[in-house]
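Work through the following exercises with the model open beside you, and try each task before reading its solution.

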Amino acid sequence: MAAEAPGPETLTVDLGTGTGPFHGGASGTLYGLYGDGVPSRAVVEGMYVRTVTTKAQDGVQHPGADALEILPSFVAAGGKDVYVYLPDHYRGFPYEWPGAAGEERFAGFRQVVRRQVEQVLTLGELASHVVYVPFNEPEGNMFGEGEWSHDRVSWRTDPRPYFAAWRAAYHLIKGLHPGARIAGPNTSILYPEVRGFLEFAEEHDVLPDVITWHELSSPAEVRTNVARYRAWERELGIGPLPVNLNEYAHNYHLSVPGQMVQWISAIEESKVDADMAYWNIAGNLNDSAVEANKGNGQWWLFNAYGRMTGDTVRVTAPHPDAQYTLQGVATLDVGKRQSRLLFGGAGGAAHVVFANVDPEVFGTTVHVRLEEIPWTGQVGAAAQPARLRDGELPVVDGTVTLPRTDLDAMSAYQVILSPGGNGAACLPPSVRWRQTYEAEDATYTGSGRTKNGPEGSPSAVDRFATSGGYHVGGLRTGSDGMLTFDVEVPQDGTYEISVYANSHNEADLVREQGPTNVFLRVDGEQPRELRLPLGYKWAVWGHTDTEAELTAGRHRITLAAQDPDLGVTKGDAVVDKLDLTLRSAEGPALYDAEYADLRHGTRVSYAHRGASGPGVAVLPRGGTATFWVHAADDGEATVTVDRLGPGEGALTVNGEEVGRVEEGSLPLFLAGGINKITVIGASERLIVDRLRVAPSRGLLTATAYAAADGALTGTAKVTAYPYATGGKAVDGIGAGPGNALTLTVTAEHAGRHALTIRYSNGEQAPATHYNPDPICRHADISVNGAEPQRVLFPTTFHFNDFRTLTVPVTLDQGGNTLTFTADELPGFDGQSRNAYGQRSAYAPVIDRVVVTPLAPGR
């Protein structure tokens, strides 16, 4: 008799067993911030980044990410601490500290430490957010066995030189900055010898204020090693001290919600801080941010994680603490009467069970909102999570069961449980149907096909995550190749077609033109040219999207290197997969207020029958409800705050005041990507039901100005770029204020306006190891001759790959002059210069500027 197939696995959330206050520590980043604006304030704040580890100010390890330059904007975005890697003042890894071995090198390093502390002391209150990290991975660097070590003897063999250096650095820092916090030992793993370090530090009164080590291991080892360290504390009679695992997760895990939720669950359970490891480029929150202001799937996972409140509760996984299986983290906020669960890590069928559901909190019926947070690639922007289910379920013997049959191992999922039975109108799924078609399974005709892989996997964590593990090349300059996907759709409709692809920006065939162009047809018709995403290496995935009207049944979608009507491919691309998506009927995006970030006395009420969701947000005077809103592009959107009753409030978008909460909708400018929209109570009580965001009605006048039509001085010049608007843009701006672009723009009324700048930036510095080192260029933008505002522009990976970045400015009614200049930013002392080309003197190539009011009459 054949054995029965195993049933669905079960993930159990025990709402009756709390495990401590929600901590939020997993949202840290190593080298994730390049400078103020890269990534944008909204992206940083909306990811709830708690800690940043980064290089010493004016260090030359990598471009950007200077500790004291990122500090003010990070703290303003709600950040807690900046951990300063003092050895990252130096080039190379292992660190190339100058001098002969031994004391001469350490004497020079002491001067580096002294200068850094003296600079921190000029920052006033901000200095309290700095944590000094004197040594990084000492066993493989300064106190290891290599060429650049202190004496080529590992401290794990003979710890005396390292312990003496630690003691000296500790006293130097504390002597200059008595209130300083110092972190260490910062080993690459929690070696057994760390216990001896703790004994020495305790005996000599040089114990770190924060204990740090790296977990480039697995979520299981996070739990095990934190527990092991806490046992050492008890044995030695120290602590408990704060812990920061300031490098965690592998390249294969980063960007993948289904992988990262496993790490988050272990870190949150351990109640420590942790910073994602830096495997790729600086300034993108470790493959969470796209361009300056967009988030991918991983960003939305951390946004959901950061919005958890209350206490964590026990989650029992079907395979407890086993990586690459279903895992989760959950909270219960009794005051809000909400439970939130994030889970993922396995595909197929599973039951999610909430046990010990308190009827005093939830009643006998619960409202369940289930959302999917999909993988969208390392450089692929994502919209807000997709609503899969919104409805009510009975509580049976204190239990609520949510069955699923179609989990995707690369996705994470969010469940929000609230009281039901209040007459809430349940919403349909936001996605009716979606299907993935792997490129390696498609039919390829013509020459040049390559099947590449396998890419990242549990046995190859240094490689990039890739759908299905393989991808296909062949669409390149001179090719006659065609990739054919035979698809079948369930009904007539408008389908989104997302091509997941990549071109390495440094590849021979890519350098000349930048983005690789290919040609898509549906059933041999509807030809269109697609420009595929660039990345910093091969197999760094983004997506290019288009739409097609499809009838129910079978269709053939082709990607070709030649099209008889449109031309030929230039470049070299690899294709991972094709996704087809049918979304629900057109309508505004809905954001329920009871699920928003509620602060300053705002509470949730479930007493208002007929609300759009299970509850509403009740704002007192000064209370806030913050919504994280996605916009596909820069431009006008129609925003409506649905309220119950006559309360009053104010509305801000990305920190800009844009109007009052009133009946009807407002036309507001939203930046492409992530927007922080906050409702602020201005009366004794304002009841907010939800926020609705709909397409533009054309009420805000947007006027475009070609850079090539501006006034140019010095080396600034009009240059041909095939993918610029009209085929030309302005470069050569910078290396001094005499090399400038000036545009005259007109405003219908005085007030705040958006400058949406279409630009390109392909500058890259020579790197010393595996991290590519693209450089953020900047522009000093002066309005009507006023003091210029410095704006950073992240890499676009090629000077012929154009993106947009929006900058708010104040304009006068009528004519205004905008002047763009640039010059190299000096070091912290105002005089020193970077010797490795890591601080650009130039503005990006500027294509055009679009001027739009932020709101009517503002």
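**Exercise 1.** How many Å separate the centres of domain 1 and domain 5, taken over C-alpha atoms?

Solution. This is a predicted model, in which local features need pLDDT of at least 70 and side-chain atom pairs count only at pLDDT 80 or more, while totals for chains, interfaces and linings use all residues. Residues are numbered from 1 along each chain as its sequence is written, and side-chain values use heavy atoms, with hydrogens and water left out. The assignment, automatic or from a database, gives domain 1 as 1-21 + 308-423 and domain 5 as 703-853. The centres of these two domains, taken over C-alpha atoms, are separated by 46 Å.

**Exercise 2.** Determine how helix 6 is oriented against helix 7.

Solution. The axes of helix 6 (residues 219-236) and helix 7 (residues 257-270) come within 8 Å and cross at roughly 10°. Helix 6 is therefore roughly parallel to helix 7, a term for angles under 35 degrees. In contact terms (heavy atoms within 4.5 Å), Pro-219, Val-222, Arg-223 and Val-226 of helix 6 meet residues of helix 7 including Trp-263 and Ile-267.

**Exercise 3.** Is Thr-852 buried or exposed?

Solution. Thr-852 belongs to strand 55 (residues 845-853). Its relative accessibility is 3%, so Thr-852 counts as buried, the class for values under 20% relative accessible area with a 1.4 Å probe and protein chains only, whereas exposed means over 50%. Leaving aside residues up to four places away in sequence, Thr-852 touches Phe-669, Leu-700, Thr-701, Ala-702, His-753 and Ala-754.

Key:
Axes are lines fitted to C-alpha atoms, for helices over the stretch in contact, and angles run from 0 to 180 degrees between N-to-C directions. Helices (H or I, at least four residues) and strands (E, at least two) are DSSP runs, numbered from the N terminus. Angles under 35 degrees count as roughly parallel, over 145 as roughly antiparallel, 65 to 115 as roughly perpendicular and the rest as oblique.
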